[in-house]
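Please look over the structure below before reading the points that come after it.

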Amino acid sequence: MSGIIKKKNCKLYRINGVEDHIHIFSDLHPSISLSDYVKDIKVASSIWIKESGKFPHFKAWQGGYGAFTYSLREKDMIINYIKNQKEHHKKETFYDEFKRILVENGVEFDEKYLL
């Protein structure tokens, strides 16, 4: 997976996950579309997961994803947040967090399309 990120001139700052989702914090070169970037990550990681046998119950990634932008001054805060995913989600579920972020940022959504 790191080959994809390096190849596409993107820098990976932090990745971490829990049982039902992962967070990836990286920059994205303007010449790369977000959908292509996510697709490449999902394809490469799916192949690795299936071939490694480390996660025998893994079938596939979900079809969708969420993406948010942040300013450079928030970099350390985001890295620390991602490092502490397991602890954070003891207090707030992923679903509730995702919905809260959408509302805080004025993103309209239909709950039937959320995870």
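This is a predicted model: local features need pLDDT of at least 70, side-chain atom pairs count only at pLDDT 80 or more; totals for chains, interfaces and linings use all residues.

1. Residues are numbered from 1 along each chain as its sequence is written, and side-chain values use heavy atoms, with hydrogens and water left out.

2. Histidine 21 lies in strand S2 (strands are DSSP runs of E, at least two residues; helices are runs of H or I, at least four; both are numbered from the N terminus). Histidine 21 is buried, at a relative accessible area of 7% (buried is under 20%, exposed over 50%, partly exposed in between; 1.4 Å probe, protein chains only).

3. The side chain of histidine 21 makes a polar contact of 3.3 Å with that of glutamine 85 and one of 3.1 Å with that of histidine 89 (a pair of N or O atoms within 3.5 Å; within protein, one must be able to donate a hydrogen and the other to accept it, and residues adjacent in sequence count only if both atoms are side-chain atoms).

4. Helix H5, residues 94–104, has Phe94, Glu97, Phe98, Ile101 and Leu102 as its buried residues. Seen down the axis of H5, they fall within an arc of 135 degrees, so they line one face of the helix (the arc is that of the directions from the helix axis to the C-beta atoms). Exposed Val103 and Glu104 are on the face turned away from the buried side.

5. Isoleucine 24, also in strand S2, is partly exposed, with a relative accessible area of 32%.
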